[in-house]
Amino acid sequence: AELFGDAHGSFTGPSSQRKGRFALADRGTIFLDDIDDIPLDLQVKLLRVIQERQLERIGSEVTLSINFRLIAASKKNLTSLVRDGRFREDLYFRLNIIPLYLTPLRERKDDISLLCEHFINRFATRLNHPDVSIDEEVIEKLTNYSWPGNVRELENIIERLLVLSKDGHITIDQLPEEFSKPDTSTVTIHTDYIDRIDLPKTI
């Protein structure tokens with residue numbers, strides 16, 4: 001129902017038709033995060049919508065034609081899931097039109113300062129901090145950190161620093177304890193956790 005919509009009266013309670021995410025993305029873009037977690041039975045339905053550009057709402061016999069661009073992201077290696085029988089091979093090949101692989105944040109240190117600036121601007125508006133400053137030693141600590149939680153961890157850290165800051169000034173004493181440990185930059189990371197994002201473009 002969330003993806004494909006449901007017709008009036010198909011469930012107890014709905015007072016009107018529900019379009020669903022794909023119908024709302026008609027002539028636009030839909031983003032499916034963590035597509036590796038989609039159950040096999042739903043993968044069959046998803047493949048049909050992607051392949052045929054058609055869907056039927058739950059409780060309806062009317063076929064709707066839609067046109068959309070699909071962006072799908074996976075935190076796991078989909079080829080390995082296909083080999084293990086946990087992801088449909090036909091769906092994988094249908095999605096794998098334009099693949100884009102993102103390396104972990106720890107392997108692209110030059111991005112950290114840019115991401116810090118981006119997240120600071122975002123949270124400064126939300127937290128009503130019009131003037132935000134951050135000490136250079138804080139940026140240095142953030143750059144040398146191993147980031148096992150990747151970009152989401154950095155985003156959470158920046159939000160925390162802004163919440164704890166005084167008048168929007170971020171200092172090194174506001175960093176969490178793990179940033180003061182001498183071995184944070186030598187944490188062993190297994191390659192199984194390398195980030196992967198598949199970006200298929202459909203017409």
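L127 sits in a loop, between helix α5 (110-126) and strand β6 (133-134). The structure is a predicted model. At 30% relative accessibility, L127 is classed as partly exposed, because that class runs between the buried limit of under 20% and the exposed limit of over 50%. Together with V163 and L164, L127 makes up a nonpolar patch on the surface. The accessible area of the three residues is about 250 Å² together.

The chain as a whole contains seven helices and eight strands. Its length is 203 residues, and 35% of them count as buried. The accessible surface of the chain is about 12,400 Å². Carbon and sulfur atoms account for 50% of that surface. Contacts across the sequence were also counted. Among those between residues at least 6 apart in sequence, 71% link residues at least 24 apart.

In soluble globular proteins, nonpolar side chains tend to be buried together. In this model, the largest nonpolar core comprises 24 residues. F22, L32, L46, F87 and L95 have the most contacts inside this core. At least two core residues come from each of β1 (28-32), α2 (40-52), β4 (68-74), α3 (78-83) and α4 (89-95). Helix α2 supplies the largest share, four residues.

With neighbours within four places in sequence left aside, L46 is in contact with F4, F22, L32, I35, I38 and L91. Two of these partners, F22 and L32, are also named among the residues with the most contacts inside the largest core.

How values were computed
Residues are numbered from 1 along each chain as its sequence is written. This is a predicted model: local features need pLDDT of at least 70, side-chain atom pairs count only at pLDDT 80 or more; totals for chains, interfaces and linings use all residues. Side-chain values use heavy atoms; hydrogens and water are left out. Patches are made of residues with over 30% relative accessible area and no salt bridge: like charges are joined within 9 Å, nonpolar side chains (Val, Leu, Ile, Met, Phe, Trp, Tyr) within 5 Å. Accessible areas come from the Shrake-Rupley method with a 1.4 Å probe; for residues, only the protein chains shown count as cover. A salt bridge is a side-chain nitrogen of Lys or Arg within 4 Å of a carboxyl oxygen of Asp or Glu. Buried means under 20% relative accessible area, exposed over 50%, partly exposed in between (1.4 Å probe, protein chains only). A nonpolar core is a set of buried Ala, Val, Leu, Ile, Met, Phe, Trp, Tyr and Cys residues joined through side-chain atoms within 4.5 Å. Contact means heavy atoms within 4.5 Å.
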